[in-house]
Amino acid sequence: MKRSNTPEQSLSCLGQGEAASQAASGPSMSRRFFLVAGAAAGGGLMLSLGACDPATEGKAGSKEARFFLGTHIRISTSGQVTVLAQNPEIGQGVKTSLPMVIAEELDVAWKDVTVEQADLDTNLFQFQVAGGSLSTPMLSLALRKVGAAARQMLISVAASRLKVPATECATEAGHVIHKPSGRKLGYGQLTADAAHLPVPNLAEIKLKSDKYFQIVGQKIKGVDNPKIIKGEPLYGIDVTVPGMAYSVFVKCPTFGGKAVSANLDEIRTLPGVQAAFVVEGNDSRPAANPAWWLPGEGGAAPDWWNVGGRPDYVMSGVAIVADSWWQAERARDRLKVVWEKGQADGQSSEGFDAAAAQHFASPPDENRWPELGSVDKALEESAQKIDVEYSFPFLAHATLEPQNATASVSTDAHGSMAIEIWSGAQLPAVGQATIAKMMGVPNENVTIHLTRAGGGFGRRLLNDSLLEAVWISSVVKKPVKLLWSREDDTQHDFYRPGGYHHLKGGLDQDGKAIAFEDHFVGFGGEKAFVNSGDSNFPGYLYGNIANMRYKASKIPLYIPTGAMRAPMANSHGFVFESFVDELAHKAGIDPISFRLTMIDPSKETPSYGELTEGVPLSGFNPKRMRAILELVAERSGWHGKKLYRPSSEDVVEGTLRRGMGVGCYFSHFGYFAHVVSLSVDARNNVTVDTVWVVGDIGRQIINPLNAENMVQGSVIDGLGQAMGLEVTFEGGAANQSNFDDYPLIRMAQAPNEIDVHFHKTDHTTTGLGEPALPPILPAFANALYAATGTRYRKLPLPVFEGILEEEDI
């Protein structure tokens, strides 16, 4: 079947649900789904899932009205099932979990399923993105219907063949079985006829009950695991194509700087060097569009530092192309460049700290949330008050696979340019649109083959390495693999932005929080905060404290920033949950009980629309948060151990100071609560003994093995951020460059045990890549306070290589 935007069949939007906006000021992401069936090459059944925008439904021939989510299932005449994985795999497990959903409803044995990674195809796929923990909530329900529809079609053919009612037929492990007689037919025997059936109405498809699941809910190993273990090529860094050269791209240490001149003649004489040239830079991003995740669109703004736009474009630098990457890198050591420094030249971490202090001494610039009650009066009348400052640093993503891309730019005899790219991009459609504009070709002339990525964490949402590789290939007129060094990766990141908070809190005579004030100082320009630098919604605090004020100011920034795993929640969560802990101890109430008293179960924020058909954009549900807090207290023995109070006689055990801390947060539709138990010995060695995690991401855990791994990884990742990670700047350049001065967490610093429990509730299943990270940072900091009696309010905490440097508080 030829894949097309407008197939020959007469299609209609068969899903149900109303269009819904993400928020009053945001674009709609709601789609209705439909199916298309056809014959697979070589015989068999191929089933595609499509989507249409309710706003353009019914407009004949409208390209906007419908587009495919993908050819998700192919069933051969031998019965072999191939499932296409549409979303980029960056370690989050969707290449396994989403095909599991299809296989479950199709009712085939997992061993008979082959999973293939799809290339970028904006005609076939609505949401070919890895980011925001959105793959599962966006696609799982629709993909269940794909599998169920295929099963229904196969039953229909089998019933016709056996001359029996379809209601007497069932499916099992790739067969249709006539229950009264026991006769059965394999799927492969039925696919040819099924390919010619009309597709079922998605609104009428009956899905399996969870109690009959055979695949979903089972611990399934990743489909790529065998290749990873054997070291077989999977990643962008592994790609080789015929005639390929290797390249490095050297950019100005000061962000935004331009290459004026370089000793290119000398570089060109070095062993293996094929070319060396200055790149002037090319800002060719598509016009700004709030819906930057949609196919063919790209968000941009020339003054990105002012409006929070995406600065992923070809910046000025020097490209060196050689026979091998090592030869290119060694030539780089001899490179001498005269740079014209950019606007960031005068910026430094010391200057940021001074600017924040100035803002704290002045009235805030803007209000971030509507003020509640009378904050000044409540603070004045409070029986006890807290007035403190918190801060968190810039962070680099430090993906284990550095940024890279392989590109081939060719022109045929008619002058038509074709661009082919191999990359583990998280937002490939945006990359395609930007590259097409840069090279002056239609989007369809740009092909992106998706490879597995060795970590993303939000870094590969930016496509700068793809753009650079394409530009260099177009100059040397041959395929080029561009590979960044670790130093490139650390010093030319789109950093998690830092920030500062000045917090005030007030308690009444009974220890109840009655006043909260926050002056957040972040980074941004006149119109907006920088990418991922905005203030974060203060979760359950808002509305549960009667008098509340949350305002903000901005420091100008010319250093690029971007999303990092659980953006904004990963930093503000540390601040809010540490501050709540301070309030609890000030009140003399144990921190979990204090939170449970504060979180009013009746104050639920309602859903504010649909993410996609049948998947609500849920607000905050206090009952879900309360439930996981109660569960984590129970599983950790919180109330019995009483290790959350520095004054407790249970804290000191011989030469050890022991402590427990808690943190909870609502992020990316998921609810998580963590308890950390740690000890500090006489030499200040910190040992994280156990971390208990309870999470609520809805009614179903698709792949418990991967889900547990994701949570454990979030805990370790967050602890690593807390233990010494920060990027500092001087003269607009990053000071850190490699793992010697940006040390990732080591095995000896990881927890001895991470206990993970999922609390299933009757809510839409949501994603897991991000919501388990934010609570670990405050839980760890609060446990350190319980063990030492010292409150740490600045990230990173003074725990370097597992040693607490108390004199550095």
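Mentor: A nonpolar core is a set of buried Ala, Val, Leu, Ile, Met, Phe, Trp, Tyr and Cys residues joined through side-chain atoms within 4.5 Å. This is a predicted model, where local features need pLDDT of at least 70, side-chain atom pairs count only at pLDDT 80 or more, and totals for chains, interfaces and linings use all residues. Residues are numbered from 1 along each chain as its sequence is written, and side-chain values use heavy atoms, leaving out hydrogens and water.

Trainee: Which residues touch the most other members of the largest nonpolar core?

Mentor: Leu541, Phe594, Val676, Phe780, Leu784 and Leu797, out of 86 residues. Helix α13 (residues 569-587) gives the most to this core, nine residues; helices (H or I, at least four residues) and strands (E, at least two) are DSSP runs, numbered from the N terminus.

Trainee: What does Leu784 touch?

Mentor: Its contacts (heavy atoms within 4.5 Å) include Leu678, Val686, Tyr792 and Leu797, with residues up to four places away in sequence not counted.

Trainee: Why is Cys664 called buried?

Mentor: Buried means under 20% relative accessible area, exposed over 50%, partly exposed in between (1.4 Å probe, protein chains only). Cys664 has 0%, so Cys664 is buried. Cys169, at 8%, is therefore buried too.

Trainee: What makes β4 and β5 a pair?

Mentor: Two strands pair if DSSP finds at least two bridges between them. Five bridges join β4 (residues 81-85) to β5, so the parallel strands pair. Val83 stands opposite Val115 in β5.
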